[in-house]
Amino acid sequence: AKFLFTYQERSADWSIEDLLKKWNLKAANVSLSGISAGLDISLRRLMGGHTIHLLEITLN
């Protein structure tokens, strides 16, 4: 199974690493470069200048 989720980076001190270890999961960054291909608006503009990450969570 896979779980995809996004989050807005607000603090470099925040991490889900402990939770991933607790539940024996791993996370991989997913590139956002191809996401906006079918959109009429740029992804950067849609994100409003915020740093958004897309992660894929799977069993370790």
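Figure 1. Lys-21 is exposed, with a relative accessible area of 59%; residues count as buried under 20%, as exposed over 50% and as partly exposed in between (1.4 Å probe, protein chains only). The model is a predicted one, in which local features need pLDDT of at least 70 and side-chain atom pairs count only at pLDDT 80 or more, while totals for chains, interfaces and linings use all residues. Residues are numbered from 1 along each chain as its sequence is written, and side-chain values use heavy atoms, with hydrogens and water left out. Side chains of opposite charge can pair when their charged atoms come close. Here the side chain of Lys-21 meets that of Glu-17 in a salt bridge, at 3.4 Å from N to O; the term requires a side-chain nitrogen of Lys or Arg within 4 Å of a carboxyl oxygen of Asp or Glu. Because the two residues are 4 apart in helix H1 (residues 17-22), about one helical turn separates Lys-21 from Glu-17. Glu-17 is partly exposed, at 44% relative accessibility. Helices (H or I, at least four residues) and strands (E, at least two) are DSSP runs, numbered from the N terminus.

**Figure 2. The salt bridge between Lys-2 and Glu-56.** A search of the whole structure finds 2 salt bridges. In the one shown here, the closest N and O atoms of Lys-2 and Glu-56 are 3.7 Å apart. Lys-2 belongs to the segment before S1 and Glu-56 to strand S3, so the pair ties together parts that are 54 residues apart in sequence. Lys-2 is exposed, with a relative accessible area of 61%, whereas Glu-56 is partly exposed at 22%.

**Figure 3. The open sheet of 3 strands.** The strands are arranged in the order S1-S3-S2, with antiparallel pairing; two strands pair if DSSP finds at least two bridges between them. Strand S1 (3-8) and S2 are the edge strands, each pairing on one side only. From one strand to the next, the twist averages 35°. S1 and strand S3 (residues 52-59) run antiparallel and are joined by 6 bridges. Tyr-7 has His-53 as its bridge partner in S3. Ile-52 is also found in strand S3 and is partly exposed, at 24% relative accessibility. The C-alpha atoms of Ile-52 and Gln-8 are 4.5 Å apart in space, although the two residues are 44 apart in sequence.

**Figure 4. The aromatic cluster of Phe-3, Phe-5 and Tyr-7.** Ring pairs link these three residues into a cluster. Rings of Phe, Tyr and Trp (its six-membered ring) pair if their centres lie within 6.5 Å; planes under 30 degrees apart count as stacked, over 60 as edge-to-face and the rest as tilted. The count by this rule is 2 aromatic pairs. For Phe-3 and Phe-5, the ring centres are 5.7 Å apart and the planes lie at 20°, so this pair is stacked.

**Figure 5. Asn-24 in the loop between H1 and S2.** Asn-24 is located in this loop. Although Asn-24 is not a glycine, its phi is positive, at about 55°. Asn-24 is partly exposed, with 44% relative accessibility.

**Figure 6. Ile-41 in the loop between strand S2 and helix H2.** This loop, which holds Ile-41, lies between strand S2 (25-29) and helix H2 (43-46). At 33% relative accessibility, Ile-41 is partly exposed.

Technical notes. Axes are lines fitted to C-alpha atoms, for helices over the stretch in contact, and angles run from 0 to 180 degrees between N-to-C directions.
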